[in-house]
Amino acid sequence: MARYPATLTAANKQGYNEEKSFRGNKGVPRQSLPPLLAPLSLDLEESTLKIVVCMKETPSTEVPKSLGADMRLARNPGDTIINPFDEYTIEEGLRQQEKLGGDVVILTMGPGATTEPMRRALAMGATSGVLVSDTALAGSDAVATGRVLAAALKKLSADLVLFGQSSADAYGGIVPAITAEFMGVPLLSFATKVEVEGNAVTIEREADVGYTKATAPLPALVSIAKAINNNPRYPSMKGIMSAKKKPLDTWTLADLGLDAGTVGTGAAKERVTGATPVATQRRREIITGSAGAAQRIFDFLVENKVI
Ligand SMILES: Cc1cc2nc3c(=O)[nH]c(=O)nc-3n(C[C@H](O)[C@H](O)[C@H](O)COP(=O)(O)OP(=O)(O)OC[C@H]3O[C@@H](n4cnc5c(N)ncnc54)[C@H](O)[C@@H]3O)c2cc1C
């Protein structure tokens, strides 16, 4: 079971040293542990590695978007999908589980009227899901989202938390950092490779001149860059059938011990004041007749750097 610093200040003072103690996760390679620490695992609670993937439900990319008078995106619960960036994260979580064992839990904060994206994530292979939903959450900004996710992650005793690089509807890209701040644990951002060994996680991050390596003790948060894997798996028929029976919990603010005054519209420090539609200009060319059509299509694709 993961242990978290009580506050960020406490975490800073301890320099995370407290987190370096061995937790005895099943399936995590132990050969890298300092020999003196290994026998201690006999006295500690044996627990499996708990990987939690934070997944946002976003409006389908195929549905036209509109903003209400309050500048909030009009959301139709029936038209939500897994945030496309989070599909890569779920895939990474499942690959880590295949290597290390343990559980993959999907965590999402949302209106709760639909569980379709959650069911799809479970059908991909995740073990269980948690949906945080409460009417008081409407109008929450990124800070409130981070506050809620942090409380849920602590309740879940997550060891390794994976986030997408951003959401495809709001593109804030800030929720992972805010969540880490509330939890007082490290965030390794924009990972293109993730490796868990012993009680630590190491990532590679793409830089201009190669790769930067960063490491942190568990529990830790990692945000995943889209480049990490190029094909999130499709749910299999067996996965779809078994997803229907997988545990799916719904938690309210009360379950997390959070005060409604710290979330929602009233607590939002950020306000959307305007929005401008993107001007799209589609270049169109109609080719009539078959003579030279194939060559013209080929030239067009080359001119537009498609091939
Ligand atoms: C004033 C204001 C009011 C808003 N009102 C609403 C509202 O009423 N309803 C609403 O749905 N949105 C609302 N939003 C948008 C919502 O607050 C943001 O979507 C949220 O803060 C997350 O920010 P982001 O989408 O930029 O996430 P990013 O920081 O871009 O997301 C990065 C990653 O964080 C994780 N993540 C982000 N959000 C969630 C989540 N909800 N659950 C699990 N994981 C997550 C995912 O892994 C994601 O890939 C509002 C925003 C503002 C500024």
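View 1. Residues are numbered from 1 along each chain as its sequence is written. Because the model is predicted, local features need pLDDT of at least 70 and side-chain atom pairs count only at pLDDT 80 or more, while totals for chains, interfaces and linings use all residues.

**View 2. The largest nonpolar core and leucine 160.** The largest nonpolar core has 61 residues, and those with the most contacts inside it are Val148, Leu160 and Val222. Helix 4 gives the largest share of this core, 7 residues. Such a core is a set of buried Ala, Val, Leu, Ile, Met, Phe, Trp, Tyr and Cys residues joined through C-beta atoms within 7 Å, and a residue is buried if 20 or more other C-beta atoms lie within 10 Å of its own, exposed if 12 or fewer, and partly exposed in between. Apart from its neighbours within four places in sequence, leucine 160 is in contact with Leu49, Ile51, Val196, Val201, Leu218, Ala220 and Val222, two residues being in contact if their C-beta atoms, placed from the backbone, lie within 7 Å.

**View 3. Helix 5 and leucine 187.** In helix 5, Val175, Pro176, Ile178, Thr179, Ala180 and Met183 are buried, and what covers the buried residues of this helix includes helix 4, strand 8 (160–163), strand 9 and strand 12 (220–224). Just after helix 5, glycine 184 takes a positive phi of about 70 degrees. Leucine 187 belongs to strand 9 (residues 187–197), and leucine 187 counts as partly exposed because it has 19 C-beta neighbours inside 10 Å. Not counting residues up to four places away in sequence, leucine 187 touches Pro176, Ala177, Ala180, Leu221 and Ser223.

**View 4. Strands 10 and 11.** Strand 10 (residues 200–207) pairs with strand 11 in the antiparallel sense over 8 bridges, where two strands pair if DSSP finds at least two bridges between them. A hairpin through 2 residues joins strand 10 to strand 11, and threonine 212 in strand 11 is the bridge partner of arginine 205. Strand 11 (residues 210–217) is hardly covered, since the count of buried residues among its 8 residues is 0.

View 5. Lysine 305, which follows helix 9, has a positive phi near 55 degrees. Over residues 7–45 the pLDDT, the predictor's confidence in each residue from 0 to 100, stays under 50. Where pLDDT is low, the predicted coordinates should not be read in detail.

Methods: Helix = DSSP H or I, 4+ residues; strand = E, 2+ residues; numbered from the N terminus.
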